[in-house]
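The following paragraphs explain a protein structure, moving from its overall dimensions to its sheet and then to individual side chains. Please keep the sequence and the coordinates at hand while reading.

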Amino acid sequence: MKETNGDIPAEPTKSELEILQVLWQSGPSTVRFVNDKLNEEKRAVQYTSTLKLMQIMAEKGILKRDESSMKHVYSPVDEEKKTKDYLLKRYVDSMYNGSASNLVMQLLGNQKTSPEELQAIKDFLKNLDQR
């Protein structure tokens with residue numbers, strides 16, 4: 001993620017994350033494509049709002065814009081995993097004092113976890129032990 005003031009990266013807002021999700025799933029895209037996807041999958045959004053938000057995201061360094069053709073094509077600066085890792089770390093640090101185990105215990109305690117999901121978690125933990 002691009003740093004905004006020395007060492008703090010630009011953190012995407014909820015609306016910006018919706019745009020990033022479209023771009024991560026679909027690859028580099030025009031504003032029209034992103035706007036259409038948001039309208040299909042999320043909520044009604046005006047084209048001009050999507051355009052302005054994507055322009056702001058480019059200014060913040062969250063998106064890059066390819067201006068080589070008539071239609072500008074936008075793509076995320078950082079890959080999905082890097083952004084999600086950063087946001088999750090910030091969340092765990094601020095909400096759980098850096099304790100991933102407290103986050104996991106609360107998550108599993110508050111959610112109905114299927115036997116399949118529990119088995120996948122157990123397998124994941126077993127693989128971590130073997131490293």
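What radius of gyration does the protein chain have, and what value would a compact globule of 131 residues have? The protein chain has 18 Å, whereas a compact globule of 131 residues would have a radius of gyration near 14 Å. The radius of gyration is taken over C-alpha atoms, and the globule rule is 2.2 Å times the number of residues to the power 0.38. The model is a predicted one, in which local features need pLDDT of at least 70 and side-chain atom pairs count only at pLDDT 80 or more, while totals for chains, interfaces and linings use all residues. Residues are numbered from 1 along each chain as its sequence is written, and side-chain values use heavy atoms, with hydrogens and water left out.

Along its principal axes, the C-alpha trace of the protein chain spans about 50 × 40 × 25 Å. Of the 131 residues, 28% count as buried; buried denotes under 20% relative accessible area, exposed over 50%, and partly exposed the range in between, with a 1.4 Å probe and protein chains only. Contact requires heavy atoms within 4.5 Å. Among contacts between residues at least 6 apart in sequence, 46% join residues at least 24 apart.

The secondary structure consists of 6 helices and 3 strands. Helices (H or I, at least four residues) and strands (E, at least two) are DSSP runs, numbered from the N terminus. Read along the sequence, the chain follows the pattern α-β-α-α-β-β-α-α-α.

The 3 strands form an open sheet in the order 1-3-2, with antiparallel pairing. Strand 1 (29-30) and strand 2 are the edge strands, each pairing on one side only. Two strands are said to pair if DSSP finds at least two bridges between them. Strand 1 pairs with strand 3 (residues 73-76) in the antiparallel sense over 2 bridges, and the bridge partner of Ser29 in strand 3 is Tyr74. Helix 1 (residues 14-26) packs on this sheet and touches strand 1, strand 2 and strand 3. The direction of helix 1 makes about 95° with that of strand 3; for such angles, axes are lines fitted to C-alpha atoms, for helices over the stretch in contact, and the angles run from 0 to 180 degrees between N-to-C directions.

Leaving aside neighbours within four places in sequence, Arg65 is in contact with Gln55, Ala58, His72, Val73 and Tyr74. Gln55 and Arg65 are 10 residues apart in sequence, and their C-alpha atoms are 8.6 Å apart in space. The side chain of Arg65 also makes a polar contact of 3.0 Å with the side chain of Tyr74. A polar contact is a pair of N or O atoms within 3.5 Å; within protein, one must be able to donate a hydrogen and the other to accept it, and residues adjacent in sequence count only if both atoms are side-chain atoms.

Side chains of opposite charge can pair when their charged atoms come close. A salt bridge is counted where a side-chain nitrogen of Lys or Arg lies within 4 Å of a carboxyl oxygen of Asp or Glu, and by this rule the count comes to 9. One of them joins Arg65 and Glu67, at 2.7 Å from N to O. Arg65 is partly exposed, with a relative accessible area of 33%, and Glu67 is likewise partly exposed, at 48%.

Helix 4 (residues 80-96) contains Lys84 and Glu80, which are 4 residues apart and therefore separated by about one helical turn. Their side chains meet in a salt bridge of 2.6 Å, N to O. Lys84 is partly exposed at 39% relative accessible area, and Glu80 is partly exposed at 28%. Lys89 and Asp93 also lie in helix 4, 4 residues apart, about one turn of the helix. The salt bridge between Lys89 and Asp93 has its closest N and O atoms 2.8 Å apart. Lys89 counts as exposed, at 53% relative accessibility, whereas Asp93 is partly exposed at 37%.

Is Asn35 buried or exposed? Asn35 counts as buried, because its relative accessibility is 3%. The residue has its place in helix 2 (residues 31-41). Not counting residues up to four places away in sequence, Asn35 touches Val45, Gln46, Tyr47 and Thr50.
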